[in-house]
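Look at the model below. Start with the whole chain, then move to the sheet and the charged side chains.

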Amino acid sequence: MSFSEIGLTSELAETVAKLGYDCPTPIQNTAIPLALQGKDILACAQTGTGKTAAFLLPTIEIIKHSRSRHRLPSAVILAPTRELATQVYDNFLSYTAGTNLKAISVVGGEIISIQERILKKGVDILIATPGRLIDLFERGKLILTNVKVVVIDEADRMLDMGFMPEVDKIFSFLPRLRQTLMFSATISPEIKRISQSYQILPCEIKISRSAKTAETIEQSVFYVEEMQKRVALRKVLRSHPSVEPTVIFCNKKKDVDILAKSLQRHGFSAQALHGDMDQRSRNETLENFRKGNYRILVTTDVAARGIDVSGITLVINFDVPVHEEDYVHRIGRTGRAGKNGVAIMFVTKGETKKLKRIESLIKQDIKEIQIDLNEIMEEEEPTEKVVGFGKIIPPFMLIDPLKFLAQRSLIKA
Ligand code: AMP
């Protein structure tokens, strides 16, 4: 199927072709025709599936003939975070290059008077985080009676970050006659309940992320007692080249903070990133990680979604993920763009069934490695100061991470 065959006008189909979109992804194949028919949609699709274009392209087609008037957007896209709103806005710009369509991204932390001025001139699509949209509405700078299409992007993350009361409030400002598209990486009973209150007979779509893992990622598991996980973690981290950006995944938000603090106490330059942090701290944490101001990011699946940091060479699954698809997502942070990466997962006795499910999903057995934990005591003196990447690195550390782990007898494959 081509983009024209699923209902896009030739102009838009040509624009996306120029961006290198040869054919629609599965979520686009299903969602675009339904959205163009005016249906409400509840879609289960994760980042990387092409979900943004799946809601943005039909939204552009639907609203493109309505005239943008001051303070009266025709479509509203709600995103849980500033980064996601910016990403959607950037996509909008590339899909509408050469047209008169206008969008604005209104997120907290930016000067509100500038946003007010742009709204006054007139925009077609408002892309917003919930808090700032409410601010502008309550100041009378925004009228929502003209809205035809509403999108909630990453609804599960919106829920996780505690934004649902704000989203409820926004929906009370919106016209009843509208089309509502909801996208979420997971569809929990709570998401279903939210869908029922905002949508009318939505078409449900489920697209799972590809289960294929990149060949550039060297995957391994280490069987460990729960109590010894932190010791094993420090051993792996000390053996990895100290400049290499590393991401550690935990299953629970509360463990993220505890683990990051424990690593800091042991001299590692580590920071926590989770959904309970306010937007500003999350942005700062991510920005600092991107810039290389610290080496290790400890996070959860939800908080890490959408993080696009290049050059991550090591991913550690401190816990086996609850959903097997998340394993593919987690380790996909490394081994990007043809570069090599290492992914190590700690597995306790109680988690072997989950490991089997992952292996059956990715259709391969993950090799077991041995980490000599007895050797650890003499190594416990911090070898790394919490100064980020600015320190001098011994030349022997500037080698391939796998070779390095092997040399230190960490990996006995
Ligand atoms: P998303 O899931 O929306 O975060 O999109 C993931 C990436 O896929 C983005 O870089 C998009 O530009 C890209 N993309 C979206 N749709 C297509 C397509 N049909 N063909 C190729 N790339 C696409």
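## Overall picture

A residue counts as buried under 20% relative accessible area, as exposed over 50%, and as partly exposed in between (1.4 Å probe, protein chains only). By that rule, 54% of the 413 residues in the protein are buried.

This is a predicted model: local features need pLDDT of at least 70, side-chain atom pairs count only at pLDDT 80 or more, and totals for chains, interfaces and linings use all residues. Residues are numbered from 1 along each chain as its sequence is written, and side-chain values use heavy atoms, with hydrogens and water left out.

## The sheet

Helices (H or I, at least four residues) and strands (E, at least two) are DSSP runs, numbered from the N terminus. The protein has 17 helices and 14 strands.

Two strands pair if DSSP finds at least two bridges between them. An open, parallel sheet holds 7 strands in the order β10-β11-β9-β12-β13-β8-β14. β10 (270–273) and β14 (367–368) stand at its edges with a single partner strand each, so one side of each lacks a neighbour in the sheet. Inside the sheet, 4 bridges join β12 (residues 314–317) to β13 (residues 341–347). Leu-314 has Val-342 in β13 as its bridge partner.

## Salt bridges

A salt bridge puts a side-chain nitrogen of Lys or Arg within 4 Å of a carboxyl oxygen of Asp or Glu. The structure holds 20.

One of them joins Lys-356 and Glu-359 (3.3 Å, N to O). Both lie in helix α15 (residues 352–362), 3 residues apart, so about one helical turn separates them. Lys-356 is exposed at 53%, whereas Glu-359 is buried at 8%.
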